[in-house]
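This report describes selected residues of one protein model and the contacts around them. Please look at the sequence and the structure before reading on.

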Amino acid sequence: GEGETVWEYPVQATGLGIALAEAREAPLHQHTRTQEWYLATHDGGGVTVQDRSYPLRRGDLLHLPPGRSHRAAGGARFFVLSSPPFSLDDYRLVEL
């Protein structure tokens, strides 16, 4: 899959990570500890959560608790706030 993090800034002191992302075709995945909030910066693309898809419009805010399978696609652009900050050891691919 394709996804790109434009920039990422882990704020260890506050327990938050902040990233600006564009997702062309990200894989379905989940986090066991991390919760995320996606704040759409543009209209377009979408996010699939579990088995339901949502189109994104600028200003939409989506909360993804730990354990919730999700993926973004279609050129979706958004800020990602994560707590705790994103870590590869907390990233699990989900098979369909």
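Arg77 is found in strand 8; strands here are DSSP runs (E, at least two residues), numbered from the N terminus. The model is predicted, so local features need pLDDT of at least 70 and side-chain atom pairs count only at pLDDT 80 or more, while totals for chains, interfaces and linings use all residues. Residues are numbered from 1 along each chain as its sequence is written, and side-chain values use heavy atoms, with hydrogens and water left out.

Arg77 lies 56 residues from Ala21 in sequence, yet their C-alpha atoms are 5.6 Å apart. Beyond residues up to four places away in sequence, Arg77 touches Ala21, Glu22, Leu39, Ala40, Thr41 and His42; contact means heavy atoms within 4.5 Å.

His29 lies in strand 3 (residues 29–31). The table sets out the accessibility of two residues; buried means under 20% relative accessible area, exposed over 50%, and partly exposed in between (1.4 Å probe, protein chains only).

| Residue | Relative accessible area | Class |
|---|---|---|
| Arg77 | 35% | partly exposed |
| His29 | 7% | buried |

The side chain of Arg77 makes a polar contact with that of His42 (3.3 Å), and the side chain of His29 makes one with that of His31 (3.5 Å). A polar contact is a pair of N or O atoms within 3.5 Å; within protein, one must be able to donate a hydrogen and the other to accept it, and residues adjacent in sequence count only if both atoms are side-chain atoms.

Notes:
Helices (H or I, at least four residues) and strands (E, at least two) are DSSP runs, numbered from the N terminus.
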